[in-house]
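Subject: The structure, and what turned up in it

Hi,

Here is the structure I promised to pass on. Have a look at it first, and then read on for my notes.

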Amino acid sequence: MLTFALVTVAGALTALPSEPALPKEHAIPLELTVGETVERGVGRAMGWFCDEPKFLSAKMVTRHNRNFWIVTGVAPGTTQCRIGPAAAETGTPTFLFAVTVTP
């Protein structure tokens, strides 16, 4: 499976092929309903990317030197979301969530 990393090149957001840091079978299940908001502590991991972002709204916040991914269900569906870098060798934690939004 080919995955992509988002990088900024000369001010433009560009997708580059990269190796996944975690296989899909290691995805953490996250279930929520439309309109429900949940947050997950992700340590030092920064940034997020979802295969199908239309099912959710998300943001990252930092509290007491720890990052949190805050997710709100927007429409029913499923998607895989990676928090942190796609390349495992950076030493930065990576989390993979299997997000399911129900009506």
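N65 is exposed, with a relative accessible area of 77% (exposed means over 50%, buried under 20% and partly exposed in between, with a 1.4 Å probe and protein chains only). You will find N65 in the loop between β6 and β7, and its phi is near 65°, a positive value in a residue other than glycine. H64 sits in the loop between β6 and β7 too. H64 is exposed at 80% relative accessibility, and its phi, near 55°, is likewise positive in a residue other than glycine.

Before you go further, please keep in mind that this is a predicted model, in which local features need pLDDT of at least 70, side-chain atom pairs count only at pLDDT 80 or more, and totals for chains, interfaces and linings use all residues. Residues are numbered from 1 along each chain as its sequence is written, and side-chain values use heavy atoms, with hydrogens and water left out.

Now the overall picture. The chain has zero helices and nine strands, where helices (H or I, at least four residues) and strands (E, at least two) are DSSP runs numbered from the N terminus. Read from the N terminus, the order is β-β-β-β-β-β-β-β-β. Of the 103 residues in the chain, 30% are buried. Contact here means heavy atoms within 4.5 Å; among contacts between residues at least 6 apart in sequence, 55% join residues at least 24 apart. The accessible surface is about 6,200 Å², and carbon and sulfur atoms account for 58% of that (areas come from the Shrake-Rupley method with a 1.4 Å probe; for residues, only the protein chains shown count as cover).

Next, the inside. The largest nonpolar core has 16 residues, and L30, L56, W69, V71, F97 and V99 have the most contacts inside it. By nonpolar core I mean a set of buried Ala, Val, Leu, Ile, Met, Phe, Trp, Tyr and Cys residues joined through side-chain atoms within 4.5 Å. Two or more core residues come from each of β3 (28–33), β4 (37–43), β6 (56–63), β7 (66–73), β8 (77–83) and β9 (95–102). The strand that gives the most is β9, with three residues.

Leaving out residues up to four places away in sequence, F97 touches A27, I28, L30, R40, V42, W69, T79, Q80, C81 and I83. V42 lies in strand β4 and is buried, at 0% relative accessibility. Beyond its neighbours within four places in sequence, V42 is in contact with M60, N67, F68, W69, I83, F95 and F97. V42 and I83 are 41 residues apart along the chain, yet their C-alpha atoms are separated by 7.6 Å.

What about disulfides, and how many are there? The count is one, taking a disulfide as a pair of cysteine sulfur atoms within 2.5 Å. The partners are C50 and C81, with sulfur atoms 2.0 Å apart. C50 is in strand β5 (residues 48–50) and C81 in strand β8, so the bond ties together parts that are 31 residues apart in sequence. The torsion about the S-S bond of C50 and C81 is about 110°, so this disulfide is right-handed. Both ends are buried: C50 has a relative accessible area of 3%, and C81 has 0%.

Finally, the rings. There are three aromatic pairs (rings of Phe, Tyr and Trp, the last by its six-membered ring, pair if their centres lie within 6.5 Å; planes under 30 degrees apart count as stacked, over 60 as edge-to-face and the rest as tilted). One of them joins W48 and W69 and is tilted, at 6.3 Å centre to centre with 50° between the planes. W48 belongs to strand β5 and W69 to strand β7, so this pair ties together parts 21 residues apart in sequence. W48 is partly exposed, at 31% relative accessible area, whereas W69 is buried, at 0%. W48, W69, F95 and F97 form one aromatic cluster.

There is also a charge over a ring: the charged end of R63 sits over the ring of F68, 4.7 Å from its centre. The rule asks for NZ of Lys or CZ of Arg within 6 Å of the ring centre and within 35 degrees of the ring normal.

Happy browsing, and all the best
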